[in-house]
Amino acid sequence: MHEMSIAVAVVGQVEEAAERAGGVTAVRSVRLQVGELAGVVPDALSFCFELACAGTLLEGAELVTEAVPGRARCAPCADEWAVGMPPRLCCPRCGTATDALVSGRELQIAGVHWEDGPPHEHTREPILEER
Amino acid sequence: MCRAVDLHQAVLAKNDATAHTLRAGLTARGTTVINLLSSPGSGKTALLERELLLARERALPVAALTADLATENDAVRLARSGVPVKQVLTDGLCHLEAAMLHRHLEGWLPDDTRLLFVENVGNLVCPASYDLGESLRVVLASVTEGEDKPLKYPTAFGLAHLVVVTKTDIADAVEFDEAAFRANVEQVNPGVEVLLTSARRGQGAGALLDRALAAADGAPVHAPVMSRQDAAREHTHPHVHAGPDHHDHADHHAGPGAMTQTCS
């Protein structure tokens, strides 16, 4: 089960993004896209996520997983189909292998909801005339 | 103040970046990595023992790194070939990651290594998600495992550059249906080559070494369908950009207690 490694990677990336943004006090939720062909089990990931969040800025954050169905297309037939599981990667019309998947391999942090303080007062860069 | 922020970051971006750097660095010094994946007991070590011995006979500078949860048994077996071998103990971790491999190569991998065989932890699920900086990913299945293995583990078989069947010497005894196996491989990874081998009887001896050398020499490697996702389309998929209303998860598989409306 590598869902723990995935959960730790998610927490790490959100922490880094929060640090870059500055002033984030808590993370409420993380929205994750999990493709049907990503090889990740959402339930196992939710369990691990809670553990991985403990003691971090994400403590108590909710993981919202969006399942992305696997889809493929056949350019010559102008056909697109749900590949299913196990995936069928050949065109149901002409039988040739698809060029590429349309979707299904996603394992992506789509977005987060976080709490932050008042915006920072950024130091203004001097404009040319002021130099 | 609660803020909704779009990140759009691949979860494994860090591993992928490390793998890219590792691949570029190793390629620049003339080393090609071959990542071997299979269930426990499929015969990765036996196949590798034979291929390493052949490499030694041909005076090819090769090395092998083998990962297990425990014991140095595999390293002891592989080291009999006389090539440099390193055992990595993962202490329970079910897969190797690029940074781990990088750490273990530092100060160990001989400079002139042409091929580095990495025997991943015996597991067909987790290692499939991690790029180790390899140029050739080989997935093995023994004839005893059932012809539907590729369908049961589509991510592992679907991302393979080469599929190797092992233990063909007992294929008849276990009534291995080669045609069915090939058809199942073809379903999840159209066009990938399937090699038949028997470490005991010598069938397919040297074939893995030849494929690895070809990849090292820059011959085109099979591009699995599953590794090709149309990037342009990916970003127009409705699930990727949820639109201005980030709270509408009606069409998504939301976890228990979906996002609150108080966030703005």
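Let's start inside chain A. H1(A) passes H2(A) in a right-handed crossing. Keep in mind that this is a predicted model.

How do the two axes sit? Those of H1(A) and H2(A) come within 8 Å, and they cross at roughly 50°.

By class, that is 12 nonpolar, no polar and one charged.

Now the contact between the chains. Chain A puts in 43 residues, and chain B puts in 47 residues. Where do they come from on chain A? Six elements each supply at least two residues: helices H1 (3-21) and H2 (42-53), plus strands E1 (24-35), E2 (62-68), E5 (101-103) and E6 (107-116). So both helices of the crossing I opened with also belong to the side that touches chain B.

Which element gives the most? E6(A), with 10 residues. Sorted by class, the chain A side holds 24 nonpolar, 12 polar and seven charged residues.

Stay with E6(A). This strand is joined to strand E1 of chain B, residues 2-10, by seven bridges. The two strands run antiparallel. One pair to look up on the structure: A:Val112 has B:Val5 in E1(B) as its bridge partner.

Definitions and conventions
Residues numbered from 1 in each chain as written. Chains lettered and ligands numbered in written order. Predicted model: local features only at pLDDT ≥ 70, side-chain atom pairs only at ≥ 80, totals over all residues. Contact = placed C-beta atoms within 7 Å. Helix = DSSP H or I, 4+ residues; strand = E, 2+ residues; numbered from the N terminus. Nonpolar A, V, L, I, M, F, W, Y, C, P; charged D, E, K, R; others polar. Pairing = 2+ DSSP bridges. Axes fitted to C-alpha atoms, helices over the stretch in contact; angles between N-to-C directions. Left-handed = near helix turned anticlockwise from the far one by under 90°.
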